[in-house]
Amino acid sequence: MNKSKSVRSIIKKAVSIIIVTAFTMIMFFESTSIVSRAEDPYEILLSATTVYNGVDYSAEYDAYCYYMNYADIRAAFGMDPYALIMHYALYGRFEGRIANRLIATEEVVVPSGDDSVSVIDINKHDNGGMSAKQEQIARSKASQIATEIKKAAANYSPKKGTGVEVLECAYAAGIVQAYCNDGTYTTSGKNYRTAYGVFVAREYSSEGATRALGLILDYLGIRWEHANIGTYADQWCRVIVDGQEGFADGINGVAGYGKSSLEGGDGKEISYADVRAMFSVY
């Protein structure tokens with residue numbers, strides 16, 4: 001590596017550390033003013049009561065599993081933890097319903113940008129194999145990042161031809177890129193495929209960066225699909241932003257309308273630096 005490349009690499013790493021450190025400090029000092037993680041819909045399921053009428057059904061009942069296993073239960077009771085355990089205690093267990101493990105793995109629960117969740121086809125995107133605890137931590141990070149992005153975008157007036165959502169995607173992509181630059185690229189180990197790897201373990205791959213970015217997009221309420229999921233090819237988020245097709249790429253820190261250049265698209269790429277100036281964030 002020549003001297004100029006070495007200097008550029010050091011500068012890039014330093015900038016990424018500054019971005020990540022700034023966001024970490026913001027999230028720390030703002031932690032008392034944002035919505036408690038316990039109010040996150042996913043957290044509600046993970047921490048839901050297993051007790052009904054004085055009887056503890058924890059040996060045979062898990063609210064998340066019960067919710068995910070049965071579409072009719074989701075439709076009837078939503079994420080009400082008390083209604084879920086009541087139904088299981090009074091009806092579900094006598095009907096032979098399974099509530100202590102997942103009986104189908106084709107769907108996952110994701111945030112929807114408000115106080116609800118969406119259940120989606122796992123082929124669209126998944127969590128990469130994070131443990132429940134890792135997912136809680138990663139979701140907390142992503143939720144707080146999304147909160148700060150929304151705050152930064154709140155006073156921005158969209159110019160003709162460019163909506164706010166695509167800019168939020170670019171901002172999120174830049175943050176994920178900074179986390180990646182502050183970590184180590186790898187294709188071995190336990191965490192490189194996951195958002196936890198990017199945000200906490202500081203190891204990443206194209207796959208992990210895509211999931212980290214996607215998790216932020218979930219909390220922004222932006223629909224996305226994991227491009228090339230489960231392959232060794234470049235991966236990114238296909239998104240629907242401002243009512244049209246778009247892309248967001250955590251490795252390269254860009255987003256835009258149309259198709260990504262990774263699949264032959266030629267749309268204008270919007271970077272974190274572009275959005276930072278538009279949102280007046282320094």
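View 1. Helices (H or I, at least four residues) and strands (E, at least two) are DSSP runs, numbered from the N terminus. Of the 15 residues of α9, 15 are buried, so the helix is largely enclosed by the rest of the structure. Buried means under 20% relative accessible area, exposed over 50%, and partly exposed in between (1.4 Å probe, protein chains only). After α9 comes G221, with a positive phi near 80 degrees.

**View 2. E203 is buried without a salt bridge.** E203 lies in strand β6 (residues 203–204). The nearest side chain of opposite charge is R193, 8.8 Å away. A salt bridge needs a side-chain nitrogen of Lys or Arg within 4 Å of a carboxyl oxygen of Asp or Glu. Lys and Arg count as positive, Asp and Glu as negative; His and the chain ends are not counted. Leaving aside neighbours within four places in sequence, E203 contacts residues including T184, T186, K190, Y192 and V198. Contact means heavy atoms within 4.5 Å.

**View 3. Strands β9 and β10 form a hairpin.** Four residues lie between the two strands. In the turn, G253 has a positive phi of about 65 degrees. β9 (residues 244–249) pairs with β10 in the antiparallel sense over four bridges. Two strands pair if DSSP finds at least two bridges between them. D249 stands opposite V254 of β10.

**View 4. β10 also pairs with β11.** β10 runs antiparallel to β11 (residues 270–271), joined by two bridges. A255 has I270 of β11 as its bridge partner. Within β10 (residues 254–257), V254 and G256 point one way. A255 and Y257 point the other way, and all four are buried.

**View 5. The whole chain holds 10 helices and 11 strands.** Of its 282 residues, 46% count as buried. The chain exposes about 14,100 Å², with 52% supplied by carbon and sulfur atoms. Accessible areas come from the Shrake-Rupley method with a 1.4 Å probe; for residues, only the protein chains shown count as cover.

**Notes.** Residues are numbered from 1 along each chain as its sequence is written, and side-chain values use heavy atoms, leaving out hydrogens and water. In this predicted model, local features need pLDDT of at least 70, side-chain atom pairs count only at pLDDT 80 or more, and totals for chains, interfaces and linings use all residues.
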